[in-house]
Amino acid sequence: MTDFPDFDALRAAVGTEFGPGEWLEIDQRRIDLFAEATGDHQWIHIDPDRAANGPYGATIAHGFLTLALLAPISQQLMTVRSARMAINYGLNKARFVSPVRVGSRVRGTVTLTAVTDVPGGVQAERTVTITAEGADKPACVAEHLVRYLD
């Protein structure tokens, strides 16, 4: 974990990759809870019997579940101590490169690509790459914008 003491230290780290972080297991319970929270009950996510005969041989995590892991993965790798709060400002681009099968473990890296001034703080642009253990390709690559406010 890198804890930046202030915005100047964050600016100085542009171009740095952080991680990988700790492994996080994606079990069926997490997938089912995400389906309940979002209303996305597609069989490929929630029906293990049907999914066993599907294209991945098992259920897979929703792409947006994988994307939602940006927050805990990023927080595990970097914080800005002087910031009063961090706000998810959005995404420039997100790609779901490969599926995350149930029972997989995922972790991520964060590359700080830019830091710009905004009213009341700074905006960090970060490329977050989430990978599943043993996979040839990343599960998700996203350009994530976070505003750190003082």
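User: In the predicted model, how many helices and how many strands does the protein chain have?

Analyst: Read along the sequence, the elements of the predicted model follow the pattern β-α-β-β-α-α-α-α-α-β-β-β-β-β. The C-alpha trace that carries them spans about 55 × 30 × 20 Å along its principal axes. For the protein chain, the count is 6 helices and 8 strands.

User: What percentage of the contacts with a separation of 6 or more comes from residues 24 or more positions apart?

Analyst: The protein chain has 150 residues, and buried residues make up 38% of them. Among contacts in the chain with a separation of 6 or more, the share that belongs to residues 24 or more positions apart is 70%.

User: Over how many bridges do β6 and β7 pair?

Analyst: Strand β6 has several pairings to consider, including an antiparallel one with β2 (residues 17–18) through 2 bridges, in which Phe18 has Val110 as its partner. Another antiparallel pairing of β6, with β3 (residues 24–25), also has 2 bridges, and there Glu25 is partnered by Arg105. With β7 the strand β6 again runs antiparallel, and the number of bridges is 12.

User: Which residue in the hairpin of β6 and β7 takes a positive phi, and what is the bridge partner of Gly108 in β7?

Analyst: The hairpin has 2 residues between its strands, and the positive phi, near 85°, belongs to Gly120. Within the paired strands, Gly108 is bridged to a residue of β7, namely Ile130.

User: Which element supplies the largest share of the largest nonpolar core?

Analyst: This core has 33 residues, of which Leu10, Met78, Leu112, Ile130 and Tyr148 touch the most other members. At least two residues each come from α1 (7–12), α2 (28–38), α5 (63–68), α6 (70–77), β4 (78–80), β6 (105–118), β7 (121–132) and β8 (140–149). The largest share is 5 residues, and the element that supplies it is β7.

User: Which residues does Leu112 touch, not counting those up to four places away in sequence?

Analyst: Leu112 is one of the core residues that touch the most other members. In soluble globular proteins, nonpolar side chains tend to be buried together. Not counting residues up to four places away in sequence, the residues touched by Leu112 are Leu10, Ala13, Val14, Gly15, Thr16, Phe18, Met78, Ala124, Glu125 and Arg126.

User: Why does the pair of Phe64 and Phe96 tie together parts that are 32 residues apart in sequence, and how do the two residues count in accessibility?

Analyst: Phe64 and Phe96 are edge-to-face, at 5.8 Å centre to centre with 85° between the planes. Phe64 lies in helix α5 and Phe96 in strand β5, so their pair ties together parts 32 residues apart in sequence. With a relative accessibility of 57%, Phe64 counts as exposed, while Phe96, at 41%, counts as partly exposed.

User: Which residue lies over the face of Tyr89?

Analyst: The distance to the ring centre of Tyr89 is 3.7 Å, and the residue lying over its face is Arg147.

User: Which side chain is joined to that of Asn92 by a polar contact of 3.4 Å?

Analyst: Asn92 is in strand β5 (residues 85–96), and because its relative accessibility is 45%, Asn92 counts as partly exposed. Leaving aside neighbours within four places in sequence, Asn92 is in contact with Glu125, Glu143 and Leu145. The side chain that makes the polar contact of 3.4 Å with that of Asn92 belongs to Glu125.

User: Which peptide bond is cis, with omega near 10°?

Analyst: Pro20 lies in the loop between β2 and β3. The cis bond, with omega near 10°, is the one from Gly19 to Pro20.

Methods:
Residues numbered from 1 in each chain as written. Predicted model: local features only at pLDDT ≥ 70, side-chain atom pairs only at ≥ 80, totals over all residues. Heavy atoms only, no water. Helix = DSSP H or I, 4+ residues; strand = E, 2+ residues; numbered from the N terminus. Buried < 20%, exposed > 50% of the residue type's maximum accessible area, 1.4 Å probe, protein only. Contact = heavy atoms within 4.5 Å. Polar contact = N/O pair within 3.5 Å; in protein donor to acceptor, adjacent residues only side chain to side chain. Core = buried A, V, L, I, M, F, W, Y, C linked by side-chain atoms within 4.5 Å. Pairing = 2+ DSSP bridges. Phe/Tyr/Trp six-rings, centres within 6.5 Å; stacked < 30°, edge-to-face > 60°. Lys NZ or Arg CZ within 6 Å of the ring centre and 35° of its normal.
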